[in-house]
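Hi,

The sequence and structure are just below, and my notes on what turned up follow after them.

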Amino acid sequence: MNYDLVIIGGGPAGLAAAVAAKEDGIDNLIILEREDELGGILNQCIHNGFGLHTFKEELTGPEYAQRFIDKVNELSIEYKLDTMVLDITEDKTIYAINPKEGLLEIHAKAIILAMGCRERPRGALTIPGTRCSGIMTAGAAQKFVNMKNYMPGKEVVVLGSGDIGLIMARRMTFEGAKVKAVVELLPYSSGLKRNIVQCLDDYDIPLKLSHTVVNIHGKERLEGVTIAKVDSNRKPIKETEEYISCDTLLLSVGLLPENELSRKVGVELSPVTGGAVVDNHFQTSVEGIFSCGNVLHVHDLVDNVTLESYSAGKNASKYLKGQLNKAETIKVEAVEGVRYTVPHYINPSTVEKDITIRFRVGDVFKGAAIAVYFDDTKVLNKKKRILTPGEMEEVKLTSDLFSQYPGVRTITLKVERS
Amino acid sequence: MEKRELTCIGCPMGCTLLIELDENDQIRVTGNACKIGETYAIKECTNPTRIVTTTVKVRGGKHPTVSIKTDKDIPKDKIFDCIKALKDLTVDAPINVGDIIYENILGTGVNMVATRKIERC
Amino acid sequence: MYDVVIVGAGVVGCAIAREISRYKLKSLVLEKENDVCSGTSKANSAIIHAGHDALPETLKGKLNAKANLMFDKLAEELDFHFRRNGSLVLCFDEKDMDKLYELKKRGETNGVPNLQILSGDEVRKMEPNVSDEVVAALYAPTGGIVCPFNLTIALAENANVNGVEFNFNSEVLSITKLEDGFEIKTKDKTIKTKILVNAAGVYGDKLNNMVSEHKFTIIPRKGEYNLFDKYVGNLTDKTLFQLPTKLGKGVLVTPTVDGNLLVGPNAVDIEDKDDVSTTREGLDDIMERTSLSVKSLPKGSIITSFSGLRARSEKDDFIIGEAPDVPGFINASSIESPGLTCAPLIGVMVSDIIKDKLKPQPNENFNPKRKGITRFNDLSLEEKKQVIKERPEYGRIVCRCESVTEGEIVDAINRPLGAKDLDGIKRRTRAGAGRCQSGFCISRTMELLHSELNIPPTEITKFGKASKILVGTNKESI
């Protein structure tokens with residue numbers, strides 16, 4: 001099988017990338033999706049809050065996904081479901097399987113990696129205690145509750161106050177469970193304020209900041225957890241230990257981009273994001289292979305996934321048309337408060353109107369500013385009332401800016417306090 | 001309501017809002033950094049409403065549940081009654097996004113609509 | 001009346017069962033948990049020891065080296081994963097060199113072949129990640145690694161296919177001595193047998209002391225482990241042991257036969273025979289002590305932790321043989337390291353005792369060969385194509401992290417002594433053993449248990465009894 005463009009993953013990233021590539025003229029393309037339907041993780045995100053920027057409406061996850069599924073069908077974009085990619089070789093041969101067709105060998109001229117991310121499990125945190133049932137990641141619980149009509153528990157403690165944990169606290173409450181506490185290691189929640197109010201405060205669910213789970217009890221099924229306050233080094237303080245009886249512990253302790261396939265094909269990964277290192281075309285270190293969405297870096301808003309993936313799709317199309325030149329790229333440095341940027345490299349000669357640099361900060365900053373330097377010259381200063389790690393931010397650099405400063409060697413992003 | 005404290009959800013600032021009834025029984029909001037906070041505070045104190053999202057069972061469909069939502073906000077204090085009313089509901093496939101699953105829930109004039117497409121199987 | 005009842009379906013009980021299935025004996029294995037391999041056999045270092053540690057005058061010393069050499073043939077017959085990767089006992093102090101030489105001598109007395117002392121530099125040449133603290137090491141090329149689940153399940157399946165019955169959730173509640181044997185009561189039935197074999201792990205003392213005046217005590221010795229992602233599985237190819245220092249018996253760093261990295265165990269004597277919890281102190285301790293052996297351990301790559309209990313008695317050796325005062329009651333007890341290694345030979349030993357007593361006819365239908373579950377991930381492209389054509393279920397990946405297909409899971413459920421719970425599937429197929437620890441595959445795996453065994457989803461457990469995954473349906477308690 002030969003395709004110009006193969007998109008791995010039919011969630012919001014893959015769908016948007018496919019639509020953009022098709023609209024830019026690439027007809028010979030296909031989406032490979034491992035589930036038995038398109039939509040990715042959105043299918044189980046039944047809460048609303050999606051699409052405010054994209055559609056100026058507040059939609060639920062499945063509704064947002066359906067808009068793109070409809071578009072894919074409208075544009076007659078080919079896709080295969082129930083199809084898992086096993087391997088990608090350096091010559092862009094993709095090996096995938098599905099029950100109907102067996103082993104598929106697909107030759108691609110360009111590939112877009114849009115595999116999304118997975119959840120960090122209990123084991124990765126080495127939380128001690130028993131290995132009873134009743135411990136699950138919030139996303140796995142979400143799938144049971146929202147897609148299968150099953151409840152994973154009756155009395156719940158949630159570890160991690162990221163959005164998935166907060167959303168599931170409310171969801172479990174809605175379906176009849178009692179959520180006893182949301183426990184958060186950091187002194188602040190990385191979730192949206194709106195979710196704190198509408199998922200916790202509304203239901204009197206206590207949020208225990210600067211706390212963590214230090215022990216898990218229960219011989220066969222979970223019976224309770226011991227939590228403790230942590231000090232400034234995030235180490236538990238023994239004297240503050242407290243037992244909460246519960247039969248369910250939901251973990252919302254981090255999302256990890258799922259880059260197993262990227263590793264197989266030799267794509268360079270960033271140790272900070274866990275995703276590919278890309279330039280402003282979303283092209284990875286392997287020519288013709290692009291990356292976008294949560295597999296590139298974990299997003300908060302699906303609207304940004306869509307924008308990013310439109311760009312990746314359009315650039316993959318340009319690549320196929322021979323329009324992406326290989327000019328010198330400038331490295332983008334993330335320092336002093338900025339944890340990482342996407343892209344990591346910029347090719348100034350291909351910036352049409354402007355490019356968006358998305359980034360996250362490593363701490364909470366109030367009344368600070370994001371400064372962009374071209375070598376030693378500050379070229380942009382964006383004041384922000386608040387910057388938090390839980391909110392992805394962006395700055396736009398115009399092509400004019402690049403014309404003003406030809407020969408710039410390094411672009412630096414940093415947080416500057418006023 | 002004499003005094004009340006709220007966290008504004010308008011933006012990541014999360015201003016702590018203080019809401020009081022002044023001498024003329026007017027609502028006074030302080031602590032907000034912008035108008036969004038004031039509007040939010042007044043609404044939250046006089047008529048807090050929410051969109052409710054949940055699932056109900058499906059019969060004869062590719063999936064056993066369909067996700068649904070209120071097509072408009074409903075009063076916050078009606079949330080649990082709304083969910084209770086849906087407890088024994090089973091809907092037949094096929095279902096399309098936007099289909100009305102339950103009309104006029106609890107007499108609020110708000111409908112429960114499907115947010116997901118479920119094909120027949 | 002049964003000829004033989006074996007109590008305990010761990011690696012020792014199953015090894016004995018497999019050996020006696022060579023004969024026409026009406027045999028039964030009673031296991032108190034929901035599956036084979038549920039006790040110590042599922043939570044250990046997975047090492048096939050070369051045999052230089054055990055004291056020559058002990059049973060451990062006499063059996064280890066010989067048992068080690070059985071594994072190549074056994075792995076081929078029973079189709080389980082075994083690799084002779086070799087082991088190194090690391091020495092960190094010149095002053096301890098004599099201990100290293102002593103180990104070598106002991107090993108040679110025990111019949112361990114090809115032992116060599118290597119210098120620190122030679123060790124680092126062999127294993128570049130070994131720390132600079134290492135001054136020398138004892139290299140044992142016959143050391144190996146095995147999948148303890150594969151091994152135990154393979155032995156059990158082979159025993160079962162060759163005629164041995166297995167009853168699960170059948171804890172022995174009482175034993176009464178009869179004229180010609182024993183009467184055993186479980187919660188479901190009363191069983192009579194001529195011979196009773198005690199392979200009850202940490203509960204071996206309880207069982208023995210029910211009938212024999214030659215009592216012994218088993219003190220569970222807890223050992224905790226951290227398991228690392230396959231991405232760091234090649235940190236070392238050889239199993240790295242530590243020469244016991246003043247701090248006690250060392251921790252090991254080893255690849256597993258599936259490509260993960262395993263670190264541990266510590267050694268803490270406890271009272272509660274059911275306590276397999278991990279502890280903060282224990283997990284931190286093994287990480288700290290491992291830093292002696294390797295230059296650095298990628299702590300961020302841990303995917304899970306677990307703990308196991310070794311059955312240790314004051315005798316400090318295996319207790320194998322008929323109880324002196326109770327003919328027909330055969331102990332295969334107090335099995336701690338090198339228990340996994342010696343299990344096949346213990347099986348033969350106990351089988352010989354039974355043979356001697358009952359003089360059974362051979363089982364002409366005995367088939368020593370057992371074919372394991374086809375591991376899709378290990379097949380060539382052509383083989384993959386072929387197997388999906390024959391069985392479309394092999395064309396659907398259920399466990400993304402370990403590339404396990406629906407076909408393998410269905411097979412795991414439907415084979416002799418098939419999986420009935422999630423841990424059973426995990427131990428037979430590796431679905432759920434990967435880096436996301438079943439987050440992705442759990443709902444699909446449960447669906448397969450439901451469709452293959454007709455278990456309602458709310459009754460499906462992690463490992464039997466009360467370890468259910470789901471509590472009910474949505475809005476049930478509203």
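Before the notes, one term: two residues are in contact if their C-beta atoms, placed from the backbone, lie within 7 Å. Please also keep in mind that this is a predicted model.

Let me begin with chain A. Take the contacts in chain A between residues at least 6 apart in sequence: 64% of them join residues at least 24 apart. The secondary structure of chain A amounts to nine helices and 28 strands. With 418 residues, chain A has a radius of gyration of 22 Å, close to the 22 Å from the globule rule, so chain A is as compact as a globular protein of that length. Along the principal axes, the C-alpha atoms of chain A fill a box of roughly 60 × 60 × 40 Å. As for burial, 56% of the 418 residues of chain A count as buried.

Next comes the place where chain A touches chain C. Here 39 residues of chain A are in contact with 48 residues of chain C. On the chain A side, several elements each supply at least two residues: strands S6 (84-88), S7 (93-98), S8 (102-113), S9 (117-119) and S11 (150-151), together with helices H3 (122-125) and H4 (138-147). Which of them gives the most to this side of chain A? That is H4(A), with five residues. Sorted by class, the side of chain A that touches chain C has 16 nonpolar, 12 polar and 11 charged residues.

There is also strand pairing between these two chains. S11(A) pairs with strand S23 (residues 472-473) of chain C in the antiparallel sense, over two bridges.

The domain assignment of chain C gives domain 1 (84-144 + 219-309) and domain 2 (376-459). Taken over C-alpha atoms, the centres of domain 1 and domain 2 of chain C are separated by 32 Å.

Now for chain B. Chain B holds two helices and 10 strands. Reading from the N terminus, the elements of chain B run β-β-β-α-β-β-β-β-α-β-β-β. Chain B has a radius of gyration of 19 Å, whereas a compact globule of 121 residues would have one near 14 Å. The box filled by the C-alpha atoms of chain B, along the principal axes, is roughly 60 × 30 × 15 Å. Of the 121 residues in chain B, buried residues make up 35%. Among contacts in chain B between residues at least 6 apart in sequence, 49% join residues at least 24 apart.

Chain B also has a sheet to look at. Five of its strands form an open sheet in the order S8-S5-S6-S10-S9 (chain B), with mixed pairing. Which strands lie at the edges? They are strand S8 (90-92) and strand S9 (100-102) of chain B, each of which pairs on one side only. From one strand to the next, the twist averages 45 degrees. S9(B) pairs with strand S10 (residues 112-114) of chain B in the antiparallel sense, over two bridges. Within this pair, Tyr102(B) stands opposite Met112(B) in S10(B).

Happy viewing, and do write back with any questions.

Best wishes

Technical notes. Residues are numbered from 1 along each chain as its sequence is written. Chains are lettered from A and ligands numbered from 1 in the order in which they are written. This is a predicted model: local features need pLDDT of at least 70, side-chain atom pairs count only at pLDDT 80 or more; totals for chains, interfaces and linings use all residues. Helices (H or I, at least four residues) and strands (E, at least two) are DSSP runs, numbered from the N terminus. Ala, Val, Leu, Ile, Met, Phe, Trp, Tyr, Cys and Pro count as nonpolar, Asp, Glu, Lys and Arg as charged, and the others, Gly among them, as polar. Two strands pair if DSSP finds at least two bridges between them. Axes are lines fitted to C-alpha atoms, for helices over the stretch in contact, and angles run from 0 to 180 degrees between N-to-C directions. Domain bounds come from an automatic or database domain assignment. The radius of gyration is taken over C-alpha atoms; the globule rule is 2.2 Å times the number of residues to the power 0.38. A residue is buried if 20 or more other C-beta atoms lie within 10 Å of its own, exposed if 12 or fewer, and partly exposed in between; C-beta atoms are placed from the backbone.
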